[in-house]
Amino acid sequence: MGKRGPVGQMKKAAAGIQTKVSPGSFPPPEYLTALAKDYWRNMVAAFPGGYFTNADSVLLEQYCEAAALHRNATATLRKEGRRYKDKNGVLRKNPAVDDQHQARCDCAMLATKLRITKTSMISPKIAGRAAQEATE
C-alpha cells in the first residue's frame, strides 16, 4: 500500500480513461471536413494499432483540422498571392497568410502533444543519456 492508498486502485481508475483502440475501430468523427478526415485516417494508419487512445481523439481532431486549414490557406495563397489591392488601391496582406501561420503553429504544438514528432517520442531519460554520451 502506497502513501495515498493501494496503487492497484489508481491504475484501474486511470485505465478507464484511456482505452487503446485499433486503427480500424478508430474512425474520424463525422463532423470533420473531408480533408481533415483524410489526415485522420493517414495519421492513425501511420502508427501502430492502439497508439492513439480515446483521450487523444480531441487533440487528433484539432491537429487534422489545423493541417487541413494550412493546406487550404496555402492553396489560396498560391492562387491569389500574399498581397492584394483593396478598392482604394492600398496593398494589403491576404487574410490567408494569417490562417496559414496560425495553422502551422497549431500543428506544431498539437503534434508534440500527440507524440507524433521525433523529439516528442524521446523520453527525458534517453535524451539525457544521449547528451551525456555526446559529451564523453
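Predicted model: local features only at pLDDT ≥ 70, side-chain atom pairs only at ≥ 80, totals over all residues.
Me: Where does helix 4 run, and how many residues has it got?
Reply: Helix 4 covers 95–113. It has 19 residues and reaches 27 Å from first C-alpha to last, close to the 27 Å expected at 1.5 Å a residue.

Me: What caps its N-terminal end?
Reply: Asn94 does, with a side-chain oxygen 3.0 Å from the backbone nitrogen of Ala96.

Me: And what happens just after the helix, at Arg115?
Reply: Arg115 takes a positive phi there, about 60°.

Me: Which residues of helix 4 are buried?
Reply: Ala96, Val97, Gln100, Ala103, Cys107, Leu110 and Ala111.

Me: What do those pack against?
Reply: Helix 3, strand 2 (91–93) and helix 5 (118–121).

Me: OK, switching to Ala66. Is that one buried or exposed?
Reply: Buried, because its relative accessibility is 7%, under the 20% cut-off. Ala66 sits in helix 3, residues 57–80.

Me: How many residues are in the largest nonpolar core?
Reply: That core has 20 residues, and Trp40, Phe52 and Ile116 are among those with the most contacts inside it. Helix 2 (34–46), helix 3 and helix 4 each give two or more residues, with the largest share, 6 residues, coming from helix 3.

Me: What does Ile116 touch?
Reply: Beyond four places in sequence, its contacts include Met43, Phe47, Tyr63 and Met121.

Terms used:
Residues numbered from 1 in each chain as written. Heavy atoms only, no water. Helix = DSSP H or I, 4+ residues; strand = E, 2+ residues; numbered from the N terminus. Buried < 20%, exposed > 50% of the residue type's maximum accessible area, 1.4 Å probe, protein only. Core = buried A, V, L, I, M, F, W, Y, C linked by side-chain atoms within 4.5 Å. Contact = heavy atoms within 4.5 Å. Expected span 1.5 Å × (residues − 1). Polar contact = N/O pair within 3.5 Å; in protein donor to acceptor, adjacent residues only side chain to side chain.
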